[in-house]
Amino acid sequence: MASQVLKIGVVGTGAIGRTHIERINEKLQGARVTACSDINADFGRAVAGKYGCTFYEDGEAMIASDDVDAVVVTTLDPFHEQYVMAAICAGKYVFCEKPLAPQAEACRRIVEAEIAGGKQLVQVGFMRRYDPGYRQLKNAIQERTYGEPLLLHCAHRNPAVDSGYTTAMAVENSLIHEIDVVRWLLDEDYATAEVVFAKNTRKAHEELMDPQVMILTTKSGVRIDVEAFVNTGHCYDIKCEVVCEDAILNLPQPATIEICEDARRGHAIDSDWSTRFVDAYNAEMQEWINATKEGRVDGPTAWDGYVGQVTAAAASKARDTQTVVSIELEDKPEFYK
Ligand code: ISE
């Protein structure tokens, strides 16, 4: 397989699905999208026509077919479980966009199915782990170059969200990235979660409290605060400051030219997540293709997806009850060690 072109089937041809198809076909090495499927058949067929692949009305039939060696799941979140399960059933490697599934129980079912099948096949699309800046932070923390990490201050700011984005989505759709990436940076699980509100922006709506602050503590006592402000109106701004015993580490922004204009000197920053993390997405997908061809999973696992959702559920409960919620988690199964 290592020397052959990996045939990929994509279920769900919405925006992120199409971006992955273009990435795989036009930028990355060693793979090609040979098939796609979408619940909206007319739309899916048009996408298949545009990218020269075979359209399947039935996503499960596509996953089972010989047209496909490995699967990318980019459907709406509630359908992730169904297609990840179909891939496990077919014994095929599957990359599933985050979250693995909206409920922790659904993630648990995926974990159990994967263990029962006896082979790791699932990778979750937590792309921040592939961002060069987060990777630098990870190295410094792992090596304890600046002593123990004690405290992290993070922010997740979006320029705007659509009217369907509700209070709960701040944790479940946006902060799920920090839940995963901080756990990966620190290499430990969380013990408690809390979510507090700030003064509401006038740009929020009836169903949305914005900004919010999620506070997590890890089992060893590291404290993490994360601001979610999804209606800044002007920027996509991701911050991660790690306070260590001997130094303070800051996530570097991707380099942009300095512009001196109108008696101001400064750097543009991204206004959208797809451009801010484009290098991370490319690295994530290329590494997934390489690992799949070598017959292994080396990115975020189904277990990571499950732990993320258990933590998000605790944070959601904390938000809804305005209490500090303990996070109960089983030991990591041997299978994932
Ligand atoms: C979106 O779904 C993403 O995954 C982005 O990375 C995140 O920044 C944004 O807040 C989410 O809505």
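A pocket here is an open set of points on a 1 Å grid over the protein atoms alone, where a 1.4 Å probe fits and protein lies on both sides within 12 Å along at least five of seven lines; its lining residues have an atom within 4 Å of a point. This is a predicted model, in which local features need pLDDT of at least 70 and side-chain atom pairs count only at pLDDT 80 or more, while totals for chains, interfaces and linings use all residues. Residues are numbered from 1 along each chain as its sequence is written, and side-chain values use heavy atoms, without hydrogens and water.

Let's start with the largest pocket, which holds about 1200 Å³ of space, a volume being the space filled by probe spheres set on the points. Of its 44 lining residues, Ile 16, Leu 76, Asp 77, Lys 98 and Asn 173 lie nearest the centre. Helix 7 (167-186) is one of the contributors and gives the largest share of this lining, 6 residues; helices are DSSP runs of H or I with at least four residues.

Helix 7 also takes you to the second largest pocket, where helix 7 and helix 10 (302-321) each supply at least two lining residues. This pocket has a volume of about 240 Å³, and its lining includes Arg 183, Trp 184, Trp 303 and Asp 304.

Now back to helix 1 (15-27), another supplier of the largest pocket's lining. Its axis and that of helix 2 (residues 41-51) come within 12 Å and cross at roughly 15 degrees, the axes being lines fitted to C-alpha atoms over the stretch in contact, with angles from 0 to 180 degrees between N-to-C directions. That makes the two helices roughly parallel, a label for angles under 35 degrees.

How values were computed. Parallel < 35°, antiparallel > 145°, perpendicular 65-115°, else oblique.
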